[in-house]
Amino acid sequence: MTTAPAARACARVRAGAVVCLVLLAGCSGGGDERDGGGPADASSAPVRGSSDEGSVPAGGQDLATGLEAPWSVAFLGDTALVSTRDAGEVRELLGDGSTRVVGTVEGVDAAGEGGLLGIVVDDQRRLFAYSTSAEGNRIERYELSGEPGSLALGEPEVVLEGIPAGGIHNGGRLALGPDGMLYASTGDGGESSVAQDPRSLGGKILRMTPDGRVPDDNPTPGSLVWSMGHRNVQGIGWAEDGTMYASEFGQSTWDELNRIEPGANYGWPEVEGRSGDGGEGFTDPIAQFEPAEASPSGILVRDGRVLMAGLRGESLRAVPVDSPGEARVVLEGLGRLREVVAAPDGAVWVVTNNTDGRGSPRDGDDRIVRVDLPGG
């Protein structure tokens, strides 16, 4: 029997071709976020963290509940803004834990893994949004007006359009780098060959000015491509020394955590996980994980480690950048995790994704949770 998410995915049309996802239990192909169901008694599972001594309660605090498929969190000062994938709404988190709609991104096509995905806010009160439309993925910019409690979105300005889209692999993470440039992660849209095509915006990490122009110091003159050979990157972040990292969904063998170098090629679809070089010039990940244990989305880089939010793995994993082989789970018990961010006060927030059609919702899902982690 076809599930509702599968039916929506089968309805997506891209460039005249119908991309149909068959979401079957145990299937090893297709979307990256599959098979995310939790145990039957998951609604009573506590928030838990693990330490060297074993698994202990982590003391999570709900900041918001009752969200529908939240995807990304951005901050305007101390005020948190949340994107909701299916509704295409940007919502403001209020002090009492409720949310209000700041504005809706029009023309969002939320079939499959598409919809309103990443958001980020700059120091000029401009919100950037990555979303899927019938014509492809795009990045738009909105002025934020008003004060906390009454914020509103202005009219959209197109920063970039024509990013390949599909029922699967839309990428979608936005971030402002320490250099002030806007970075966007894109997926291959289900057509793996675009990842090795330097002319395509698909399967890449893109770097642009906040106006969508090509910076003069990009690896290839006139090109937005910062790195290539990616399958579906949904997490990007920087260490204090400026080193960039990205998490990437594998197909059926290895998910990846990569150290991103400008102009580097990370191998997809020729290589999944470590290539052992082989003379092809591909850059290996610093760590790799079985998809059923990870399927990483958002990441946070801090204190010498990368925190990776896992969908199928239903956990938060900490990867020391100097010894990635010592990666360990530091939080579990909340179900699918889409996002991990640092709040303005330095606290770690995680965003669950149990209402996205592939999880097992618990009472109050989806939620934003403030967590205490082993090691700070």
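L160 touches R138, I139, L201, L206, M208 and L224, leaving aside residues up to four places away in sequence; a contact here means heavy atoms within 4.5 Å. The model is predicted: local features need pLDDT of at least 70, side-chain atom pairs count only at pLDDT 80 or more, and totals for chains, interfaces and linings use all residues. Residues are numbered from 1 along each chain as its sequence is written, and side-chain values use heavy atoms, with hydrogens and water left out.

L160 is also one of the residues that touch the most other members of the largest nonpolar core, which has 18 residues. Strand β14 gives the largest share, three residues. A nonpolar core is a set of buried Ala, Val, Leu, Ile, Met, Phe, Trp, Tyr and Cys residues joined through side-chain atoms within 4.5 Å. Buried means under 20% relative accessible area, exposed over 50%, and partly exposed in between (1.4 Å probe, protein chains only). Helices (H or I, at least four residues) and strands (E, at least two) are DSSP runs, numbered from the N terminus.

Strand β6 (residues 70-76) has seven of its seven residues buried, so it is largely enclosed by the rest of the structure. β6 runs antiparallel to β7 (residues 79-84), and six bridges join the two strands. Strands count as paired if DSSP finds at least two bridges between them. Within this pair, V73 stands opposite V82 in β7.

The two strands form a hairpin with two residues between them. In the turn, G77 has a positive phi of about 60°.

## The loop between β14 and β15

H169 lies in the loop between β14 (157-163) and β15 (174-176). H169 is not a glycine, yet its phi is positive, at about 60°. With 4% relative accessibility, H169 counts as buried.

A165 lies in the loop between β14 and β15 as well. Its relative accessibility is 10%, so A165 counts as buried. A165 and E113 are 52 residues apart along the chain, and their C-alpha atoms are separated by 9.6 Å.

## Cis peptide bonds

W268 and P269 are joined by a cis peptide bond, with omega about 5°. P269 is found in the loop between β21 (255-260) and β22 (287-289).

Another cis peptide bond joins D365 and D366, where omega is about -10°. D366 sits in the loop between β28 (348-352) and β29 (368-371).

S295 belongs to the loop between β22 and β23 (296-302). S295 counts as buried, at 1% relative accessibility. A polar atom of the S295 side chain lies 2.9 Å from the backbone oxygen of P291.

E314 is in the loop between β24 (305-310) and β25 (315-320). Although E314 is not a glycine, it has a positive phi of about 50°. E314 is buried, and its relative accessible area is 15%.

Terms used. A polar contact is a pair of N or O atoms within 3.5 Å; within protein, one must be able to donate a hydrogen and the other to accept it, and residues adjacent in sequence count only if both atoms are side-chain atoms.
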